[in-house]
Protein chains: 2
Amino acid sequence: MQQAWVISIGTELTLGQTVDTNGPWLAAQLAGLGIRTRRHVTVADDAEAIRDVLLQASAACDVILATGGLGPTDDDLTRQALADAAGVELELHAPSLEHLRAFFAAREREMPERNQVQALVPRTGRALPNPRGTAPGLRIELRGTPCYVMPGVPFEMRRMFECEIVPQLRLAAAGSVLLARRLHTFGLGESDLGERIRDLMERGRNPEVGTTAELGLIGIRVNASAPTREEAEARLDETEAELRRRLGEVVFGRDDETLAGVVGALLTASGSTLSTAESCTGGLLGKLLTDVAGSSQYYSGGVVTYANEAKINLLGVARADLERHGAVSDVVARAMAQGAARVFGTHYAISVTGIAGPTGGTPQKPVGLVFIGIRTPAQTTVHRRLFGGDQPREVIRVRAARTALNLLRRRLQM
Amino acid sequence: MQQAWVISIGTELTLGQTVDTNGPWLAAQLAGLGIRTRRHVTVADDAEAIRDVLLQASAACDVILATGGLGPTDDDLTRQALADAAGVELELHAPSLEHLRAFFAAREREMPERNQVQALVPRTGRALPNPRGTAPGLRIELRGTPCYVMPGVPFEMRRMFECEIVPQLRLAAAGSVLLARRLHTFGLGESDLGERIRDLMERGRNPEVGTTAELGLIGIRVNASAPTREEAEARLDETEAELRRRLGEVVFGRDDETLAGVVGALLTASGSTLSTAESCTGGLLGKLLTDVAGSSQYYSGGVVTYANEAKINLLGVARADLERHGAVSDVVARAMAQGAARVFGTHYAISVTGIAGPTGGTPQKPVGLVFIGIRTPAQTTVHRRLFGGDQPREVIRVRAARTALNLLRRRLQM
């Protein structure tokens, strides 16, 4: 199996001002290609330190993946360090310069002179196209070890890795495969879930099974190794089937599927439409729904009624109900969901009203209390949840929005 | 100034299944103590690899901080690797064993036999108490360089670092402080901004100045070192003042301040209220505004009008305008902002209508085209932006929402 080093470059990283997500992302992608990341090194924007790490890596592994330090400013030193490590000069690369000019032109802007340095390439290397940004990536051999350098901006880096680098790595990694799959669950705690699949999580098992938890979403990662892709896929399929058998409808999707995407597919399949009425989530639910490309086919829109007057004027919530029961109540959640369905003329509607904190709680209605209304063509149900008042505002909001999506999913799957 | 290496240990980290936050946290803490992290290395649970990194670090820096691999299971190999690096044996440490037994007793549980390995300490090292968990930390000298090893569980690690290690580091680092500050800007490209502050970004300058870019937000980090905290603060203040003088209103905040938070503070200061009307951002603008605790004081709510009917019914946009100009137009953006201010009865309103893609673009109205309406008590202005149709949906949405907040900020600061 091939061995990789992943190198992240940036003083904001070594000073701890930014958490690097490129390294873990790359390592996970490499695993999927059957390449094991042996070491992940983070260095500052310091040409000498970068050069040293590159040379050390070139002696210790089969392939080097590095990110960062390709920007246009004086603290972007990766190009120079790479040239130093290879013992060659930097040269202006005409097609990259052309791309830079076109990039700015498409945005109706003049290219600053400074950006020209981004078209410099070490003499023995070559540029990797970056359609999403100004900095091309670089590929070079360091003492015979292929080294790929990508921009640090995650969405530029990811595209470059997938389109420019993966095909080359696939060629090199032929012979053994390490495939990864993720199942996503909602509605069962991590330890309860772990108890149900304990035997599958035993060390040394192939596929390997592990869990991760993130604000109510419990992910299950499955890694299978095999001589061929087909065999690895078959092992993944078998374990996935067993996990689904044990966990049932708690599993809502796999790999890149999201709760909002699954809800969207279910709505599309039944030709139904959806609207939202949000209070404490403040637009987050609409944001999650519209993260999905094509959501305009089923999501008509929503109302963020942070103020009581807005709940009355836009959704037709009765003033008397607001006064008697308060904005955070079963009655108001129900009226909000029904109001949204009426105003937007949709088959389904979700409402969320709660106390996200950090202030505004009372002994009767503590921070973390949330009511979720689910309006279907048949009925409107309201669900009360308590998300833990010691949690930060953002945690309560994310959990509330995800719970609402999951409740609608379960309803649509009935 | 003292130099540190930070080492994170764990196969879940090198496989990219978990994002390491211990490394960045430690680097930030070390900076506050005047210790600069030169390198951050992540290695798998592999005794030989861990030993090699420890030895390499001991030759390259003044102090080593490592986390992870101190658990009770067979894949926890850090203790052994540390003993190997020091060339000594592991010995049972009676007080640590005592602590382990007490830890389980307090939870009314029997101590599993395999936890006993957590009381093993390299002969020339010593144990660091861990009141929050079972694994004690370890301190040892490797070729004269002090090395501290802590558990990987963040809340155990942090307490151990603060209570057991900081006092020792303070003694060693006496005489210098490294302080960090971040300024946030919006509205100027990274290279144009870099051009204006080029001399401040020169290598070797104190304070050090560098930039980072993330979807339109350009951050400027400033790091000052000095013999005392007061002197370092004074240097930061001086450089911050100079940066603000050169960049003017492009700077919107510092450290943990956000665009939405600054807008909120400006609205609060003038006793004004705000509402939103969103199309392509689908609730993201409302989400960003309500991320701020206390936003209910000025944010009345918003409407997500994804469908044209919703724009007509909820915001009073004229059907004729939608037909003549299309939903993504100057005229509709203006009507949406005015409609939101009217419906919610607010002083200010923001509207966003555009094409987030990946489909839906035309030659006249490409993906990435966004109109932003800003309604103030005095007037309504509409701003046209082109965010680049080659960008993913999420990037266009985030840029559009941030641009809208920034336009409102500039208006409120006039």
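How far should the 15 residues of helix α13 (residues 330-344) of chain B span at 1.5 Å a residue? I worked out 21 Å, and the end C-alpha atoms of α13(B) are 21 Å apart, which agrees. The expected span is 1.5 Å times one less than the number of residues in the helix.

I noted the basis. This is a predicted model, where local features need pLDDT of at least 70 and side-chain atom pairs count only at pLDDT 80 or more, while totals for chains, interfaces and linings use all residues. Residues are numbered from 1 along each chain as its sequence is written, and chains are lettered from A and ligands numbered from 1 in the order written. Helices (H or I, at least four residues) and strands (E, at least two) are DSSP runs, numbered from the N terminus.

**Helix α13(B)**

I checked burial next. A residue is buried if 20 or more other C-beta atoms, placed from the backbone, lie within 10 Å of its own. In α13(B), eleven of the 15 residues are buried, among them B:Val332, B:Met336 and B:Phe344. Just after the helix, I found B:Gly345 with a positive phi of about 65 degrees.

**Strand β13(A)**

I then turned to strand β13 (residues 274-278) of chain A. Five of its five residues are buried, so it is largely enclosed by the rest of the structure. A:Leu274, A:Thr276 and A:Glu278 point one way, A:Ser275 and A:Ala277 the other.

I looked up its partners (strands pair if DSSP finds at least two bridges between them). β13(A) runs parallel to strand β14 (residues 299-305) of chain A over five bridges, with A:Val303 as the bridge partner of A:Ala277. Five bridges also join β13(A) to the parallel strand β15 (residues 348-354) of chain A. There, A:Leu274 stands opposite A:Tyr348.

Definitions and conventions. Buried ≥ 20, exposed ≤ 12 C-beta atoms within 10 Å, placed from the backbone.
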